[in-house]
Amino acid sequence: MKILLMGHPNVGKSVFFNRLTGANVTESNYPGTTVDYTKGWMKIEGEDVELIDVPGTFSLDPKDRAEEVAVAMLHESKDVRVISVIDASKIERGLYLAMEILEEGYPLVIALNMRDVAEDKNIVIDAGKLEWILGVPVVSTVAIAGEGIKELVSRIREAKPVDVADITANTASTADAAAGTAGGEV
Amino acid sequence: MKLSPEERWDLIDRISRETVSFGAYRHTLKDAIGELTIKPMTGIPIAIAVMYGFWSVFGSFAGFFTDGFFVRLFDAYWLPWLQEVFPGQGRFLYTIMVDAGGIDSGEFVLSSNCLESFGVLTSGLFVAIGIVLPAILIFYLTLALLEDIGYMPRLAVLIDTMLHKIGLHGYAIVPTILSLGCNVPGVAATRILETKKQRFIMMTLLAIFIPCGAQIGIMQDVVPDLMGWILLYLIIGYFIFGYILNKVIPGMAPEFLIDVPPYRRPMLSNIGKKVFGRVKGFFVVAIPFVMLGCAIVGVLYQFGVIRFLGDLLAPIFVGWFGVPAETAGPLIAAFLRKDLAVAQLSVIEMTKYQMITSVVLVSIYFPCVATFAMMLKEGWKELIGALAVLAVTVFAYGGLIHLIGILLGVA
Amino acid sequence: MEKELAMMDYDEQGTITEIEKDLRTRVAGMGIRVGKKLRMVTKQPIKGPVDVIVDGAETSLGLDMAEKITVDVV
């Protein structure tokens, strides 16, 4: 099993990487390019698992060389799980990339990072409900402070592929439920 | 199941409506500073001030350590001690490793400083540690600070218009500035450019016109009063040849599209890590090259190869570039070590114009071997193309500078 | 009133009503899409890029792109 850390640039991916891995970190060039990426090992329930810090990308439709490499690294890896790191204060565009990865059938865990920044901006996210709708683990984190890292590690094994149709169905049912309670109050 | 962007956004909007509440947003001081540094009226003066500050910090820090400490350490203690204890004065190994010396009124004399001795253990070590180390350290430290604060994307936005004229876009400022430290990470950073055409233009310009920290450090040390002119010629060349390359090379130059992240407080550990990594990377690459280059240049001098080539090519240097015949040796040695070549040039008697021209020539021709290897990673076709451009550029630009000199009446 | 993003004034706000098809996928990852509120922060002189804020995220786009985005300005 391999784990890929994916997300936009500047969402704290490398902070996660540094916190999750030990000393045995290597930096290498992606073959045939000048794009480098970092690779290390992390422990999940006592097992050593490879963790790769993929270059930051905004979507799976690459617009430059670094993004091309990010997409290629995802596509060529077998038996892989993805930690999708999202800037909680810009959650919607973060979910765009996460959705793209889910649509391609990769097992995913979401790290809603920079929760503190989002709170400063008065953005409140119901992580539990998000997890229920998406059907994948969603963990709130503040990576620089080390918050939520342990929970993230403990839930990587729960990552699983999801059918987009299920997500659509889930949003419909929560919307109905919301409409239902709203109707009841009148 | 794959969605179209529209369907995907629809779904995300629905998810977001169920799970996220956006409260009222207050404008913060950070936002205000963010806007001030990106609006042209305030942003451009600030950018100029930042760049000037960068340069001042670089110059004074590097000067402080090089002149105030390393020059004394190497010239007053290290060199005399080595000259004393290293066996076989005047012999081959001594000449290569310690001091090639000079001939003064028919007699062999030892050099008085580490820039003239040309030994691997003296000049080589002095350049690597005394000049390059402080320069590269302060350079990467300042740059890491600017990067981690989040200033670079704003600089990219401000300079986009200018770089567009040469087929690049604003983000090309990142590889350009990185190259001022070392061209190797500079070439690596071209990955943020979209097309092959852009990457080719960028790499070629970096290899030709952007002097690395080692060169800048040594220029700052031996020809400080000419720095302004030399850099001006290099910047002008960067834009002239960028403009030409953009016209000549087929391919697209896509539009600029970048994310401008908010400013944030830099993390000390992150900066430390970055600076350490880059300085280490530079040294692993640079030290062996400086030492080896120094040794090879020494050997070639000993066997008269450089003198031979110098005599052969001197007419071109004199006739086409307008520099004195004595510069032929250093200009040829510069194929291996640009920094040492600059040091050699600095002790030759010549006019200000000739000095500027010869230092500019050293800067623009032939990238260092490490850069060379890095460019090869992008493909050998690109590398050959870059070399062809390089050869043409050296002749055309060298000739142009000579012409300007003639017109100004200084050549 | 609808106008091109490229024609918007400093600090003007509005809702994106249309993005030309060839551009949609490229800007989608940056969170720029039809129906979103947008604020034009600044633009650079001599046909320079246009800076916008969408959903609290700041993006700078080349003028050619800004001409392909229509905004209903409030």
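Strand 1 of chain A (residues 2–7) is largely enclosed by the rest of the structure, because five of its six residues are buried. The model is a predicted one. Strand 1 of chain A has parallel partners. It runs parallel to strand 5 of chain A (residues 80–87), and six bridges join the two. With strand 4 of chain A (residues 47–53), strand 1 of chain A again pairs in the parallel sense, here over four bridges. Leu5(A) illustrates both pairings. In strand 5 of chain A, the residue opposite Leu5(A) is Ile83(A). In strand 4 of chain A, the residue opposite Leu5(A) is Asp53(A).

Chain A as a whole contains seven helices and eight strands. It has 186 residues, of which 45% count as buried.

Seven strands form an open sheet with antiparallel pairing, in the order 4(B)-5(C)-4(C)-3(C)-2(C)-6(C)-1(C). From one strand to the next, the twist averages 40°. Within this sheet, strand 2 of chain C (residues 13–19) pairs with strand 3 of chain C (residues 37–43) in the antiparallel sense, over three bridges. Gly14(C) has Leu38(C), in strand 3 of chain C, as its bridge partner.

A helix of chain B also meets strands of both chains. Helix 6 of chain B (residues 152–164) lies across strand 4 of chain B, and likewise across strand 4 (50–54) and strand 5 (57–61) of chain C. Relative to strand 4 of chain B, helix 6 of chain B runs at about 140°.

Helix packing was examined next in chain B. Helix 9 (residues 196–209) and helix 11 (residues 227–248) of chain B pack at an angle of about 150°, and their axes are 10 Å apart. Angles over 145 degrees count as roughly antiparallel, and the two helices are therefore roughly antiparallel to each other. The crossing of helix 9 of chain B and helix 11 of chain B is right-handed. Helix 9 of chain B contributes Ile201(B), Thr204(B), Leu205(B) and Phe209(B) to the contact. From helix 11 of chain B come Leu234(B), Gly237(B), Tyr238(B), Phe241(B), Gly242(B), Leu245(B) and Asn246(B). By class, the contact between helix 9 and helix 11 of chain B has seven nonpolar and four polar residues, with no charged residues.

Chain C also includes a helical site at Asp64(C). This residue is found in helix 2 of chain C (residues 63–66). Asp64(C) is partly exposed, with 14 other C-beta atoms within 10 Å. Ile53(C) and Asp64(C) are eleven residues apart along the chain, and their C-alpha atoms are separated by 18 Å.

Chains A and C also touch. Eleven residues from chain A and nine residues from chain C take part in the contact. By class, the chain A side of this contact has six charged, three nonpolar and two polar residues.

Definitions and conventions
Residues numbered from 1 in each chain as written. Chains lettered and ligands numbered in written order. Predicted model: local features only at pLDDT ≥ 70, side-chain atom pairs only at ≥ 80, totals over all residues. Buried ≥ 20, exposed ≤ 12 C-beta atoms within 10 Å, placed from the backbone. Pairing = 2+ DSSP bridges. Axes fitted to C-alpha atoms, helices over the stretch in contact; angles between N-to-C directions. Contact = placed C-beta atoms within 7 Å. Parallel < 35°, antiparallel > 145°, perpendicular 65-115°, else oblique. Left-handed = near helix turned anticlockwise from the far one by under 90°. Nonpolar A, V, L, I, M, F, W, Y, C, P; charged D, E, K, R; others polar.
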